[in-house]
Amino acid sequence: MTTNTPTYAGGTSSDLIVDYVRTQISMMQPHRVVDFGAGLGKMGRIVREAVPQAQITAVDGCKLTAGELAQAKVYDHVHIDMLESWIARNVERYDLAIFGDVLEHLTRRQALKAINATLRFASNIIVNIPLRNLHQDGHDDNPLEAHRGYFTEHCFDSRFIVREKHVASPSLGYTKMNIWITGRKQFRLKNMIKGQLLRHFGRPAKLALEKLGYDSYVSG
């Protein structure tokens with residue numbers, strides 16, 4: 001008697017925040033996109049649907065996954081590489097970088113450093129990440145699937161300019177966050193003052209805050 005062991009098919013990404021991502025990409029209309037930890041290519045397909053002419057690059061550290069991505073023809077370029085190494089070497093400009101269900105596989109320090117470095121060459125960053133879900137082992141064919149970082153809703157707020165943030169909890173014990181980052185925070189501005197400015201002046205105030213390096217997102 002023999003048993004069939006399923007082969008590794010790449011990491012998965014929850015559908016919880018897909019609508020947010022689709023809307024954000026439609027708003028951006030990016031020409032050049034890099035998708036880190038591309039997995040099965042879900043984020044790449046969303047970009048391709050929203051902006052058919054976009055040039056999309058996939059970066060994934062798993063050879064099996066990268067092979068599948070190359071055959072799928074969703075991406076213009078597929079690189080087998082660790083995201084930190086690729087980010088450190090990259091000299092190209094991108095309109096959007098996507099970290100879709102990948103940063104939890106780094107430590108929090110590594111993840112924040114990766115976002116900081118990516119903002120050197122990307123105008124926008126979308127992060128999709130499970131919150132407080134630390135326990136996940138790696139797969140035999142891809143040890144990179146292990147969770148290493150513990151994240152909460154506020155891990156990015158004090159460091160980056162946040163244009164949108166969405167948190168969804170469809171079931172007990174599972175929470176997913178989508179966050180759209182447009183830059184590093186250069187200054188601190190009290191939440192109450194930001195709220196007053198945005199309430200009275202609306203979009204012009206939002207654009208002015210972001211241009212000056214302030215976070216235009218008002219946390220709850």
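Guide: What follows sets values against definitions, one term at a time.

Guide: This is a predicted model, in which local features need pLDDT of at least 70 and side-chain atom pairs count only at pLDDT 80 or more, while totals for chains, interfaces and linings use all residues. Residues are numbered from 1 along each chain as its sequence is written, and side-chain values use heavy atoms, with hydrogens and water left out.

Visitor: Why is Cys62 called buried?

Guide: Buried means under 20% relative accessible area, exposed over 50%, and partly exposed in between, with a 1.4 Å probe and protein chains only. Cys62 has a relative accessible area of 4%, so it is buried. Cys155 also has 4%, and is therefore buried.

Visitor: How many disulfides does a search of the whole structure find?

Guide: The search finds 0 disulfides, the criterion being a pair of cysteine sulfur atoms within 2.5 Å.

Visitor: What makes α1 oblique to α2?

Guide: Helices are DSSP runs of H or I with at least four residues, strands are runs of E with at least two, and both are numbered from the N terminus. The axes of α1 (residues 18-28) and α2 (residues 42-50) come within 9 Å and cross at roughly 40°. That angle makes α1 oblique to α2. Angles under 35 degrees count as roughly parallel, over 145 as roughly antiparallel, 65 to 115 as roughly perpendicular, and the rest as oblique. Axes are lines fitted to C-alpha atoms, for helices over the stretch in contact, and angles run from 0 to 180 degrees between N-to-C directions.

Visitor: Which residues of α1 and α2 meet?

Guide: Val18, Val21, Arg22, Ile25 and Ser26 in α1 meet Lys42, Met43, Ile46, Val47, Glu49 and Ala50 in α2, where contact means heavy atoms within 4.5 Å.

Visitor: Is Lys73 buried or exposed?

Guide: Lys73 has a relative accessible area of 68%, so it is exposed. Lys73 sits in the loop between α3 (63-72) and β3 (77-80), and its phi is positive, near 65°.

Visitor: Why is Glu104 called buried?

Guide: Its relative accessible area is 3%, so Glu104 is buried. Glu104 is in the loop between β4 (94-100) and α5 (108-118).
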